[in-house]
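This report covers the packing, the sheet pairing and the charged contacts of the structure shown below.

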Amino acid sequence: MTFDERYFAVGRLDRLSYGRSLIHRLDPRVKVVATLLFLITVISFPPHEIVALLPFFLFPVLLLTLGGIPAGFILRKIVFVSPFALTIGIFNPVLDTRTVTVIAGLPISAGWLSFLSILLKFVLTTGAALLLVATTSFPGICHALRRLGFPPLFVSQLLFLYRYLFVLAEEAMRMTRARDMRTFGRRGLGVAVFVRLVGVLFLRTVDRAERIYGAMLSRGFRGDIPMLRKFRISFGDLAFLAAATILLGAFKFYPVTEGIGRLAQGVWP
Amino acid sequence: MSHHIIDFADVHFRYPDGTEALRGIRFRITHGESVGIVGANGAGKSTLLQHLNGCLLPTQGTVTIGDLALTARTRREIHKKVGIVFQNPDDQLFMPTVFDDVAFGPLNLGLDEARVRERVDTALAMVNGLSLRDKPPHHLSAGQKSAVAIASVMAMEPDILAMDEPAATLDPRSRRLLISLLKGFTHSKIIASHDLDLILDVCRRCIVIGEGRVVADGPSEEILTKRELLEANNLELPLSLQKR
């Protein structure tokens, strides 16, 4: 993929959040709280747990469907960051070789179980975070965090990240284009040029930051970004939060998968 | 109000790297005047504009806005009086949506919600930008960005409006709109630009800057018809005055 295409892919996640679906219209605070609850519940499971994690996939599937978010897009994003989780878990099968169970004649070691568990948790948590961003406008998330009591400085940083991510990417894109137009064969594509490019980009960013700060000061900035946006929690928002909490609690404390299995065995003996 | 006066008295400015950008600028702009500032690249136009609201402070000499001398302490007061539209709208529009950006200044002035909304709507209506209200700035075209940047400054209702190269990124039609918009403002205006036709259209008075000094100062019609003066400063006759 060229730089240009990557850039447009970043924009796509942002554009998804402009949707008007049921999920998009929920109050951002409710979504942030629900996502946090989801993350905490998923992470709270013991390291060898697999079966109990499976019901949690209901949430991303529901959000994908109701929010009209293309599943392939989110999956590709998850795969893109998966090396982190893979490196964390990859040695577990080697380090922990106790056999826990034998399935179809194959001994399954505890290490493999915990590796799989890490992967499942990783997919669930990154998926939830991506879905939150895909169904909620980024400023909306920031306002929600601010209302929920996050430090103003932290929220301002996030707002600036969002605002200038695209400006910075465009700047980098223009520089990369200018380089590519004047590179032939392998010459000019080496690390030395890249390092200088990054250096120049950094200097330009510092300059820009100074200009932006000047613009902020001239409009009366005093260390806090004031917000003017009224959120009203509707009945639908509360219903969503209640349903999410009840389901999360049920999945956490009640063996749902086993229950479904029993039920199936009961129906088809 | 009679004291929207801008007074530069022997203003010098030296950048930390040693470049002397201003070397004794001297002029006085009275209430309601519209002044164009022209000059070659690097003549000191942008540096001069940065002095109008204290982004930069003179290393020597004084800048007086209204009845306040510009110092680090009066900077905040002066921010309320002088609105500057910078050259690059991306530096000016730092909030995630157009509405938030235009509301930023009025909110910092401590206005209540109803007044803020009113000011945002008035300012956006002024630049034909009401439909852009909820858009994120990175999805706007250059013309829309500069319109919003102007609105974000106008929402502060400054006494004096200063602009750096306002039409450089605009297509001819947006430029026309900007010119008629600027003609409608009764504020004191200071416009730094290479677009001499715009200056001729909008500004009664014109100041030519060269190497950090005032080279010429007078009515636009007079200054902008002096071919030798203009050419000595890397400028040329406005296109509308050139014979084909």
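## Around L161(B)

The model is predicted. Setting aside residues up to four places away in sequence, L161(B) touches G83(B), V85(B), V153(B), M154(B), L182(B), F185(B), H187(B), S188(B), K189(B) and I190(B).

## Nonpolar cores

L161(B) is also one of the residues with the most contacts inside the largest nonpolar core, together with V102(B), I150(B), L178(B) and L182(B). This core has 49 residues. Elements of chain B that give two or more residues to it include α4 (98–108), α5 (113–126), β7 (160–164) and α7 (172–184). The most comes from α6(B), with seven residues.

## Nonpolar surface patch

On chain A, L22(A), L58(A), L62(A), L66(A) and L247(A) make a nonpolar surface patch of about 410 Å². Helix α4 (residues 58–67) of chain A gives the most to the patch, with three residues. L66(A) lies in this helix. Its relative accessible area is 43%, so L66(A) counts as partly exposed, a class that lies between the 20% and 50% limits.

## Sheet in chain B

An open sheet of four antiparallel strands has the order β2-β1-β4-β5 in chain B. Strands β2 (20–29) and β5 (68–69) each have a single partner strand, so one side of each lacks a neighbour in the sheet.

Strands β1 (residues 6–14) and β4 (residues 60–65) of chain B run antiparallel and are joined by five bridges. One residue pair is D7(B) with its bridge partner T64(B) in β4(B).

## Salt bridges

Over all chains, the structure holds 20 salt bridges. One of them is between the side chains of R219(A) and D101(B), at 2.9 Å from N to O. R219(A) is in the loop between α10 (191–218) and α11 (235–253) of chain A, and D101(B) is in helix α4 of chain B, so this pair joins two chains. Both R219(A) and D101(B) are buried.

Within chain B, R175(B) and D195(B) form a salt bridge whose closest N and O atoms are 2.6 Å apart. R175(B) belongs to helix α7 and D195(B) to the loop between β8 (188–192) and α8, so parts 20 residues apart in sequence are tied together. R175(B) and D195(B) are both buried. A further salt bridge, at 2.9 Å (N to O), pairs D217(B) with R205(B). D217(B) is in strand β10 (residues 213–219) and R205(B) in strand β9 of chain B, 12 residues apart. D217(B) is partly exposed at 36% relative accessibility, while R205(B) is buried at 14%.

Definitions and conventions:
Residues numbered from 1 in each chain as written. Chains lettered and ligands numbered in written order. Predicted model: local features only at pLDDT ≥ 70, side-chain atom pairs only at ≥ 80, totals over all residues. Heavy atoms only, no water. Core = buried A, V, L, I, M, F, W, Y, C linked by side-chain atoms within 4.5 Å. Buried < 20%, exposed > 50% of the residue type's maximum accessible area, 1.4 Å probe, protein only. Contact = heavy atoms within 4.5 Å. Patch = residues over 30% accessible without salt bridge, like charges linked within 9 Å, V, L, I, M, F, W, Y side chains within 5 Å. Areas by Shrake-Rupley, 256 points an atom, 1.4 Å probe, with all protein chains shown as cover. Salt bridge = Lys/Arg side-chain N within 4 Å of Asp/Glu carboxyl O. Pairing = 2+ DSSP bridges.
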